[in-house]
Every structure is written in C-alpha cells, then in structure tokens.
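Try each task before you read its solution.

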Amino acid sequence: MSPETRTIGVGLISVGWMGKLHSRAYQTVPYAYPDLGLATRLVIAADTAPSRVDYARDVLGFAEGTTDYNDVLNHPDVDVVSVCAPNFLHAEIGIAAAKAGKHFWIEKPVGRGYDETAAVQEAALEAGVVTSIGYNYRHAPAVEHARKLVAEGKLGRITNVRAVFFSGYASEPNGALSWRFDRKLAGTGVLADLFSHATDLCQYVVGPIAEVTALTSTVYTQRPKLAMGSGTHFAVIENGEMGEVENEDYAAALVRFGPSAVGAGAVGTIESSRVAVGPECGYQIEVYGTEGSLKWDFERMNELKVCLGRNNDEQGYTTVNASPRHGDYSYFQPGPGNSMGFDDLKVIEAKKFLVAVAGGAQENSNIHDAASAAAIVSAAETSSLSGQWQKIEEIHGTTAARA
C-alpha cells in the first residue's frame, strides 16, 4: 500500500442483503479504482441477530461485531457508517450518526415521510457530515450517457418523460405481511419503495419536478401475518392468520418539471407497482424531445435506445451498448458487451461517497436528493387523497440536472 493511500474506517448497521452488498462494495473500491489512493477497513458491524454479527466478522471480514448500533457510532476508528436497517429505523439512526460526527451512506427512503427525512437533512447539515443515498440505478453507465445527451441538447427541447418501476415482489397474494406493508414501520408503500427511485431518476436526468398529481390503489388489502425478523417480504405463507395491508401497492402520477430543469416545462408520467406479474425489476425511463428521444430499461441495463434527428433516412431506435466511453464502465469492463451488473452500481455509489468523504468531487447522491424525493412522495400521497395538483418547493443542493 502506498504511503499516500488514505484508509477509511467503515461501520455497518444491519447485516442483511443490502448490508452485505455495502460491505462488498467498500472492499471492491480499491480494486476497481486503484488510482484514487483510497482504501477501506471494515471496523465494526451491528445487527440485532447474533448470527448475523458472527457472519459479519467471520465472512464479511469486520474486525468487530455488536448487537447495539450505538457501538458502531461511538467507535473511534469508524469514519463512515452504512445504514442498511429497515425503513422505520433510518431516520433515528441517520440523526444519531450525524450527531456522532460520522459520514453516512443510507438506504432509501431516509424517513417514513418528508418530515423525518427533513429532520435527518437538518442533522446532517448541522454536523457538516457527507451523506450518500442508495439511489444506485442512476449510476448505470447507460443512464449517465442519457443524462449527458439531455444536458448537451442532443434531444432538442425536452417535451415529455415517462418513468416506470414495476416489480413483482408482492404479486403473490399469500406473500407475507412484512414491515413493508405496515404504515407505522414503512410509511407509504410503493411510493417510498419504488416510486421514489423513479422520481430520483427523472430528476437526475431531466431536472427538478415542480408539480404533481397522483392516484394510488391497494391491490391486496390483506396478507398473512409474519413475526418480525422471522422472514422477508418474499416469504409465502399458506393458510396463515390474515392482517391488514396499510399502504399502497400501486401509484401513478402526472408531473411537471420546474424552470431550473434542463427539461424546463416538460411534462411526464411516473408509475410504480409492487404487485405486477411479469416485470421483476422493470425500471424504465423514456425521455422525448423535439430532436430525438431515448429509452432505458434496468432489465437490460447495459443498453440505451437512442433516436437522434427527425429527418434521417434511418428512422427508429439505435441500440447503444454501454462502453468505456460511458460513466464508470471502464473501471469494470474493457469493452462493450461485457456487461456490468447490479452489484457494480453499488461499487460506483461507494466510490462516489468515499471520494466526497476524502474531500474530492461531490458527485454522490446526497441528503438533499433524499429530501427532494420525499417531498414528491408526500405531494403524490396528498394528491391521491385530494385529487388536486400539488406544488413542490425546489430543494437546493441536489444533484438534479439543471439548465
């Protein structure tokens, strides 16, 4: 290791799927980005389940483990903390991390609504810590290329946008009544879970959303109960005791982009479902302009459909393969066709976070992005109840595409 290499101490809170993914991402950063001069040390991990604490030490490679997340926040060797706990703990832990002076990478939604998210934002700003939010899809090289095409005016004036995030993780009627369906624990349902991702992508590529009107529905109003911590929302329970689903399965919205957006004045639709049969991770964005359009689908994340020009001899879409010319692709694969995957996007996310922590470029998603997404989710829920358009006050400091 070079004497100029900076080692950043990592703490982890919650050793589930996402916690494991964060851990691997931190460990991969020095290999994928050796020129950054950054290294990571997995210091301590916390989980309420002792077996997961053991896994963090014995398999993931953390030096220490604990069942109390405060031990992570109080550890002197921890510089950054990953918050991967269930939604209802995000705000509590995020605020505690800020007060402890720890930079934190937190999964979305940061709070169970705008108020909780704004409280985390306030705590982070007061503490002066660097934040990063788990909007990993925006880091796909094809998305970065789409953002560049829009910013450079290659599509002309943006007229309309369509974003969809359909998933089938709750399409089974006997899927367990996990915390995701409990308003006290999760807040909103698909709005916070999937719709917020789609709003982030729209804002990252096109710009801030200024107005929204929405509707929601709950397709399965009851599900079989599941004891907390005994399974996941993928569990299927036959002939179980039924309980009420307290939040929405489906959401759709009309939006208008604000005057500061690259796509100022454009309109769009955002739609999300957690009960769709067919799409597994059907996350798509389409952007249309006066001179062209583009389409991206996460299930084919290494491809971008592009049409440039109204009067070409060849009309229709060209499939552009992600390549070393796009985003961070070159750090993972040598040429087009050697596809990247979901885990690689978390490595890019970790890299952007660590670079910002080390005083470098601020290209990471941040707490302002989370607050902006939460404001849109809140406005969409309000609109679904009132049937009225809701204006959204622009939040400054986000990474939204601006003119």
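The exercises below cover a sheet, the nonpolar cores and some aromatic rings.

This is a predicted model, in which local features need pLDDT of at least 70, side-chain atom pairs count only at pLDDT 80 or more, and totals for chains, interfaces and linings use all residues. Residues are numbered from 1 along each chain as its sequence is written, and side-chain values use heavy atoms, with hydrogens and water left out.

**Exercise 1. Work out the strand order of the open sheet and find its edge strands.**

Step 1. Helices (H or I, at least four residues) and strands (E, at least two) are DSSP runs, numbered from the N terminus. Two strands pair if DSSP finds at least two bridges between them.

Step 2. Reading across the open sheet, the six strands come in the order β3-β2-β1-β4-β5-β6, with parallel pairing.

Step 3. β3 (64-66) and β6 (131-133) each pair on one side only, which makes them the edge strands.

Step 4. For a closer look, take β2 (residues 38-46), which is joined to β3 by three bridges in the parallel sense. Here Ala 45 stands opposite Gly 65 of β3.

**Exercise 2. Find the residues that touch the most other members of the largest nonpolar core.**

Step 1. A nonpolar core is a set of buried Ala, Val, Leu, Ile, Met, Phe, Trp, Tyr and Cys residues joined through side-chain atoms within 4.5 Å. Buried means under 20% relative accessible area, exposed over 50%, and partly exposed in between (1.4 Å probe, protein chains only).

Step 2. The largest core has 91 residues, and those touching the most other members are Phe 195, Phe 257, Val 287, Leu 294, Trp 296 and Phe 298.

Step 3. Helix α9 (residues 342-357) gives the most to this core, with ten residues.

Step 4. Apart from it lies another core of 27 residues, including Ile 44 and Val 110.

**Exercise 3. Classify the ring pairs Tyr 26 with Trp 105 and Phe 165 with Tyr 283.**

Step 1. Rings of Phe, Tyr and Trp (its six-membered ring) pair if their centres lie within 6.5 Å; planes under 30 degrees apart count as stacked, over 60 as edge-to-face and the rest as tilted.

Step 2. The planes of Tyr 26 and Trp 105 stand at 85 degrees, with centres 5.3 Å apart, so this pair is edge-to-face. Tyr 26 is in helix α1 (residues 17-32) and Trp 105 in strand β5, 79 residues apart.

Step 3. Phe 165 and Tyr 283 are stacked, at 4.3 Å centre to centre and 5 degrees between the planes. Both Phe 165 and Tyr 283 are buried.
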